[in-house]
Amino acid sequence: MSDIRSVPIAIVGMAAVMPGAADLAQYWRNIVEGRDLITDVPDTHWPIEDYYDPDPAAPDKTYCKRGGFLPDIDFDPIAHGMPPAAMAATDPAQLLGLVVADRLLTDVRRNLAAPLDTERVGVILGSAVLSMVGTMDARSQQPAWMAALRESGLSEAEAQRVCDRISARFVQWQEASLPGLLANVIAGRIANRLDLHGTNCTIDAACAGSLAAVHAAVNELVLGQADLMISGGVDTCNNPMTFLGFSKTPALSKTGDIRPFSEAADGTILGEGVGMVALKRLADAERDGDRIHAVIKGIGTSPDGRGTAIYAPAAKGQARALQRTYERAGYGPATVELVEAHGTGTRAGDAAEFAALREVFAPERDDTGWCALGSVKSQIGHTKAAAGAAAMIKMVLALQHKRLPPTIKIDQPNPAMDIAASPFYLNTRTRPWIRSDDHPRRASMTSSGFGGSNFHMALEEYRPGGTGRGAQDIRTMPAELVLLSATTVDGLAARGAELQDLGGIELIAAESQRSFDPAAPVRLAVVVEAGQDFAERLALALTAVSDEDRAGMPLPGGISYQNGPAEPGGVAYLFPGQGAQYPGMGSDVAMAFDAAREIWDRAAGLELGEQSLHQVVFPPPVFDEQTEEAQRALLTDTRWTQPALAAHSASLLAVLEAAGVQADVAAGHSLGELVALSAAGVLDTASLVRLARRRGELVHAAADRPGAMLAVMAPIDRVRAELARTVAADVWVANHNRPDQVVVSGTVEAVDGTARLRGRRDLVPQAECRDRVPQSAGRAGGPAAAGTPQHARPRHARLPGVRQRRCADLPRRSDGDPGAPGRAGRVPGPVRRPDRSHVCRGRTGFRRGRGGHRPHRNGECDPR
């Protein structure tokens, strides 16, 4: 048999029901939105007043009344082959396990290229004691009740009547009672109803049950005992006994919340959950052309060994499980960028786990803060036997959707861990997961249980190749666009009513866009944000457009309406310059659209400095103002600002192009001129970003004093006259943006003296200002510019209005700066931006300096 390290396992299906999430899609949306699903114990579970006491020492009471609870899930016994009378005697874990397994096979059949043969399909799940055990055991305590009642002076008949009343509150024993309370029947019922013929069983490894089950399922595949395995975890037991047990340990939070790795962490919060995955050998999945969510590269396990207490976590045992995992995975933790911790929120548990992670990860690299650390328990609580399944599914979805999900409720990290000096950082907000193509994205996760059961799993992004395919993403847009077209307004209403029957807003939006006729006499666009009701939004829109005089006018609330013939015009792109940058810019676009994220992925592979570009633009969360200010300052360094803005503009351009939008003309403001050349097809993305970086370096090198800029809302003649009359010599007109807006620049002191111009002061990096003052004349063509052509590979322009000139055709200085003779001796002056008439005519001539018109050197504009 081949070495286990050479048998990667494909995840070809997933399904889940978690707190606040009736299905897998809602679970992922809750995660990336950072929703807190911890609530008070609902009435459907048990009355708080009967079991709660804030005093931890109160006997038979719990000091915690909050947790993560599953939503109501419909169950049709007839559809699942069960007699309705058996429902009361069957534990919810068995019923919900069957529902989720049925959904899982639906996803599997959607992903598999060939029909599923259940002959070699098995099911191994993690579980623990079911709540029905406590219910039926309580009913069996009637002799103890009778004895207590007799001792209290009741007659035999009176005592029996009281006992009968108590017994009536519990489910009666019946034929279905014994199988209905056994954990193993969770897997057995799934195999029975779904006609599976491989191994079926459950594993109890306490809170590590899910990963213990996945480990066993993987071994079934590696040993050739099965071709597909269903695995994961089921835990629906948040009954009073569970709360009492964890209270007396004591492990529950006294403040009623779970805050893994936080300074305020004071214990865990219990949750419920059901999560399952379908596993198949990667080689088989690729051979068959299946859709694949992600790949398991290795699982390691180790007990704690001898310790002080059977329930006390031990860092050494967990570290051993990590080391064994990466031996099997075939790579070290240095390339892992996301770890989902067990992260229960207990002081001892978090400390031991972090010590193990640090022991294994820290020797791999000298730098710090390169791996995101988190725990979904901060959102849904500790789902016990299903905790590993909840964490695993989160990691698989993070890899598939290329996002770094958040951990919530961390105001300040636990100072005792000194996380800032470790390989890890706490990711408290959803961020795009940018990765060059040198290796796939990699994530890992840990799960541990009472008794010293430790498991660690290494997961890898699936990059389709050959016949293998990636799984379909879950749509998580913050809003959807619904497009309606008809011959009359009444027709719009009728079409909207038809769409409502489709159900979810995602389906409504997709169908509306597919069927939209842009040439129809009346056309309506409605933005429906997450949580809004489509019917209400449609009614608001129809009311607003019933007045025909509103046609073509802006309407409130994301509504647009047009009637009459459509008159599409040309499309012009105008790309901005420097000044609007901020950490995290474009992150929402990069997470929503693959085309945008891929631009950042390409930029991540470019050597631009000591860091990758995305690390500057999408920095990790920090917890103090000083570090946050340092992140902002780094991005405002023009050496980073310019490539960052170039990549951001290119990412937006990529989204438009992916949507089929093509420009007739492209223009740019300052740095945006380079992006316009890229939009015209003259520069590829790598050349654009490299040139922007080089431009920033040259501007930075030309600076020797801090500068500032000021936007003035006034005609240029007035501004010049005012400057000549009242302002020192260290201020100049830099940009003539439009007839009534001028930008002046100069030294900080001199610009501060222009307050009477009533402009907007905006401090910028010193280099950006020095590029716009006369002292920088001639520097751009000096030695610093040497080698510039190597940063770009010009191509033939694809926009009809741009005529290409090759770099080789341009005048060239001996130092290798193309076009330098055209700049030699030129006195820098204001940049004049194209006005509306230029854009409308498809002409993008620029005026720069005092020497008159100077077209672009790399891509001239054809006025025809």
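Three strands make up an open sheet, arranged in the order β18-β19-β20 and paired in the antiparallel sense. Its edge strands are β18 (479-486) and β20 (559-563), each of which pairs on one side only. On average, and with direction ignored, neighbouring strands of this sheet are turned by 10° against each other. The model described here is a predicted one.

**Pairing within the sheet**

- Strand β19, which covers residues 522-529, is joined to β20 by five bridges, and the pairing between these two strands is antiparallel.

- Helix α16, formed by residues 489-500, lies across β18, β19 and β20, and the direction in which α16 runs makes an angle of about 130° to β18.
- Helix α18, formed by residues 534-545, likewise lies across β18, β19 and β20, with its direction at about 140° to β19.

- Val-129, Val-133 and Met-241 together make a nonpolar surface patch of about 250 Å².
- One of these residues, Val-133, is located in helix α4, which spans residues 131-139.
- Val-133 counts as partly exposed because its relative accessibility is 32%, a value that falls between the limit of under 20% for buried residues and that of over 50% for exposed ones.

Note on methods. Residues numbered from 1 in each chain as written. Predicted model: local features only at pLDDT ≥ 70, side-chain atom pairs only at ≥ 80, totals over all residues. Heavy atoms only, no water. Patch = residues over 30% accessible without salt bridge, like charges linked within 9 Å, V, L, I, M, F, W, Y side chains within 5 Å. Areas by Shrake-Rupley, 256 points an atom, 1.4 Å probe, with all protein chains shown as cover. Salt bridge = Lys/Arg side-chain N within 4 Å of Asp/Glu carboxyl O. Helix = DSSP H or I, 4+ residues; strand = E, 2+ residues; numbered from the N terminus. Buried < 20%, exposed > 50% of the residue type's maximum accessible area, 1.4 Å probe, protein only. Pairing = 2+ DSSP bridges. Axes fitted to C-alpha atoms, helices over the stretch in contact; angles between N-to-C directions. Contact = heavy atoms within 4.5 Å.
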